[in-house]
Amino acid sequence: ICSRNTPYSFFAKRGTVNKLVMYYQGGGACWDYFTCETLQTFDSSVQPSDNPNLATAGFADASNPLNPFRDWNVVFVSYCSGDVHLGDAEATYTDTESPSTTTIQHRGFVNAKVAEKWAREHFVNPEQVFVTGSS
């Protein structure tokens, strides 16, 4: 699940060679009420625009003959948990200036494991795996 209990999803794009890119989306982190609620420094849900099948730049540019990944399979590990893909906890943060609280589902580790398991089941024994991401 995403940080605010919305559904988690990841995306996959089939290529034409037995090679795999695992791409971990960036998006900011939060660790207290100020960063999680006031600033909202991270993406809190998966958006349709995250789908790499809609992307046409970088590793997703299949029309660029100089793109070494243009024919590769891609698993796009979406980010919506405010924990840099590392969390597995629910956290309640309190505003230091009021009695307000916010509860965040830091489930990035769990979400990434789901995407990685799916990749292992659907792209069996790839010749190469390239792990990358952004921030």
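Val-114 lies in helix H2, which spans residues 108–122, in a model that is predicted. With a relative accessibility of 44%, Val-114 counts as partly exposed, because that class covers values between 20% and 50%. Together with Phe-109 and Val-110, Val-114 forms a nonpolar patch on the surface, and the accessible area of these three residues together is about 230 Å².

A search of the whole structure finds seven aromatic pairs. Among them, Tyr-23 and Phe-59 form a tilted pair, with 4.9 Å from centre to centre and 35° between the planes of the rings. This pair links distant parts of the chain, since Tyr-23 belongs to strand E2 (residues 19–24) whereas Phe-59 is placed in the loop between helix H1 (33–38) and strand E3 (73–77), the two residues being 36 residues apart. Tyr-23 has a relative accessible area of 12% and is buried, as the limit for this class is under 20%.

In a further pair, the ring centres of Trp-118 and Phe-123 are 5.7 Å apart and the ring planes stand at 75°, so the arrangement is edge-to-face, a term that applies to planes over 60 degrees apart. As for the accessibility of the two partners, Trp-118 counts as partly exposed at 25% relative accessibility, whereas Phe-123, at 5% relative accessibility, counts as buried.

Tyr-23 and Phe-59 also belong to one aromatic cluster, which they form with Phe-11 and Phe-76.

Methods: Residues numbered from 1 in each chain as written. Predicted model: local features only at pLDDT ≥ 70, side-chain atom pairs only at ≥ 80, totals over all residues. Heavy atoms only, no water. Patch = residues over 30% accessible without salt bridge, like charges linked within 9 Å, V, L, I, M, F, W, Y side chains within 5 Å. Areas by Shrake-Rupley, 256 points an atom, 1.4 Å probe, with all protein chains shown as cover. Salt bridge = Lys/Arg side-chain N within 4 Å of Asp/Glu carboxyl O. Helix = DSSP H or I, 4+ residues; strand = E, 2+ residues; numbered from the N terminus. Buried < 20%, exposed > 50% of the residue type's maximum accessible area, 1.4 Å probe, protein only. Phe/Tyr/Trp six-rings, centres within 6.5 Å; stacked < 30°, edge-to-face > 60°.
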